Amino acid sequence: MPPVSHDDIHGRSQGDAPVPLSVLDLLPIGAGQSAADAVRANVALARLAESRGYHRLWIAEHHNSPAMASSSPAVLLAHLAAHTSTLRLGSGGIMLPNFAPLVVAEQFGTLNALIPGRVDLGVGRAFGTSKGAAAALRRDGRPQEGNDFTTQVDELIRYLDGEVPDVWRDVDARAVPGPHRPGGGPGQRPPLWILGSSLGSARMAATLGLPYAYAHHIAPEDTKECLAAYRESFLASDWLTRPYVAVALTAFAAEDRRRALAQLLTGALATLRWQRGRLEPLPTPEEAAAHPLTDEDKSALAAALRHAVFGTPEEVRAGIDAFVDDTGADEVLLTSLVHGTDARLRSYELIADAYGFPKEREETR
């Protein structure tokens with residue numbers, strides 16, 4: 001099959017934005033909030049993103065975390081499908097070691113049947129949780145090792161192509177509903193993305209000729225090296241004719257820099273607590289401001305915020321522009337792990353305004 005360039009992979013920029021801007025939602029749960037609150041906020045954010053011209057909204061996968069309600073991306077995406085009409089929806093990503101590839105192919109085949117041409121399937125090699133919780137997710141009680149990721153991706157691609165992987169050929173195991181319609185061409189399957197924050201994921205995406213989503217918000221120090229490796233090693237495929245990189249960036253806008261920092265500190269402090277074994281919802285801005293900090297804490301929080309873009313809308317716009325110039329990102333996935341739901345929604349509005357995105361369309365409300 002000759003190489004095909006997919007318009008559903010290459011995003012469309014709006015207003016004065018240098019590249020398409022999209023949303024990566026972690027469905028944060030703050031102190032005093034519930035998972036139901038996080039899901040309602042997810043719907044509100046998707047509707048806002050659609051009405052203002054963001055290209056896509058992806059949902060991350062996290063398990064065993066009281067601060068994130070994103071353990072079931074496929075279920076949440078189906079819910080969002082009922083509340084949107086044009087926005088691309090996808091996983092950012094499905095943690096493939098937690099699932100059999102057939103399950104993932106059928107879940108996204110079902111989503112593609114619900115909203116054909118609007119589904120993205122991003123997969124990663126991490127567990128999205130602790131190794132213990134990852135073991136509990138699997139029937140055999142053992143998490144698959146990371147080096148099995150290549151085999152899993154190959155299996156998944158076979159299912160997406162409407163084929164039976166060699167290992168299951170004797171039992172004729174097929175993905176039903178199938179994302180790929182026999183004879184329908186690659187446009188009938190949801191675009192497959194490789195997610196990651198390492199050279200291994202970058203080179204895999206390049207070798208397979210797939211789009212690459214890099215987690216700059218997790219591993220900012222390695223961004224340039226990984227993106228360079230992806231671009232230098234890229235091989236054209238029937239999925240994609242040239243490299244395409246979407247980079248996840250922590251970004252938060254408010255009316256003034258002080259308010260933006262107060263919100264970002266809620267997520268940064270929660271992350272610091274998780275790293276020390278305290279699995280709790282995100283603290284409120286007031287709790288985060290009053291939290292006693294050691295010199296080590298201050299250093300860790302400063303490091304967490306060093307690569308975030310935050311402040312007034314003008315400051316955030318300038319930061320995003322500089323980030324694109326520095327990395328050459330083809331698309332930016334804006335993400336923010338903060339306590340305040342209204343403030344988070346307002347941030348995406350302010351960023352859209354800063355770039356002159358279209359105002360809300362009545363039909364999306």
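A residue counts as buried when its relative accessible area is under 20%, as exposed when it is over 50%, and as partly exposed in between, with a 1.4 Å probe and protein chains only. The structure is a predicted model, in which local features need pLDDT of at least 70 and side-chain atom pairs count only at pLDDT 80 or more, while totals for chains, interfaces and linings use all residues. Residues are numbered from 1 along each chain as its sequence is written, and side-chain values use heavy atoms, with hydrogens and water left out.

**Overall composition**

- The chain has twelve helices and nine strands; these are DSSP runs numbered from the N terminus, with helices (H or I) of at least four residues and strands (E) of at least two.
- Of the 365 residues of the chain, 54% count as buried.
- The chain exposes about 15,300 Å², and carbon and sulfur atoms supply 52% of that area; accessible areas come from the Shrake-Rupley method with a 1.4 Å probe, and for residues only the protein chains shown count as cover.
- Among contacts (heavy atoms within 4.5 Å) between residues at least 6 apart in sequence, 73% join residues at least 24 apart.

- Strand E5 spans residues 192-196, and five of its five residues are buried, so the strand is largely enclosed by the rest of the structure.
- Leu192, Ile194 and Gly196 point one way from E5, Trp193 and Leu195 point the other way, and all are buried.
- Strand E4 (residues 119-124) pairs with E5 in the parallel sense over three bridges; two strands pair if DSSP finds at least two bridges between them.
- Ile194 stands opposite Tyr212 in E6.
- Together, E5, helix H6 (residues 199-208) and E6 make a right-handed β-α-β unit; right-handed here describes a crossover whose path from the first strand over the helix to the second runs clockwise, with the strands pointing away from the viewer.

- Strand E9 (residues 331-335) is mostly covered, with five of its five residues buried.
- Val332 and Leu334 point one way from E9, Glu331, Leu333 and Thr335 point the other way, and all are buried.
- Strand E1 (residues 21-25) pairs with E9 in the parallel sense over three bridges, and Ser22 stands opposite Leu333 in E9.
- E7 also pairs with E9 in the parallel sense, over five bridges, and Ala246 has Glu331 as its bridge partner in E9.

**Nonpolar cores**

- In soluble globular proteins, nonpolar side chains tend to be buried together.
- A nonpolar core is a set of buried Ala, Val, Leu, Ile, Met, Phe, Trp, Tyr and Cys residues joined through side-chain atoms within 4.5 Å.
- The largest nonpolar core has 96 residues, and those with the most contacts inside it are Leu21, Tyr54 and Val123.
- E7 gives the most to this core, with seven residues.
- Not counting residues up to four places away in sequence, Leu21 touches Tyr54, His55, Ile320, Val332, Leu334, Ile351, Tyr355 and Phe357.
- A second, separate core has 13 residues, including Phe252, Leu272, Leu301 and Leu305.

**Salt bridges**

- The whole structure holds 21 salt bridges, each defined as a side-chain nitrogen of Lys or Arg within 4 Å of a carboxyl oxygen of Asp or Glu.
- Arg346 forms a salt bridge with Glu255, and their closest N and O atoms are 3.3 Å apart.
- This pair links distant parts of the chain, since Arg346 lies in helix H12 (residues 341-354) and Glu255 in the loop between strand E7 (245-253) and helix H8 (257-275), 91 residues apart.
- Arg346 is partly exposed at 38% relative accessible area, and Glu255 is partly exposed at 44%.
- Arg257 forms a salt bridge with Glu315, with the closest N and O atoms 3.9 Å apart.
- Arg257 lies in helix H8 and Glu315 in helix H11 (residues 313-327), so the pair ties together parts that are 58 residues apart in sequence.
- Arg257 is partly exposed at 40%, and Glu315 is partly exposed at 34%.
- Lys359 forms a salt bridge with Asp353, with the closest N and O atoms 3.1 Å apart.
- Lys359 counts as exposed at 59% relative accessibility, whereas Asp353 counts as partly exposed at 31%.
- Arg52, Glu349, Asp353 and Lys359 are linked in a network of salt bridges.
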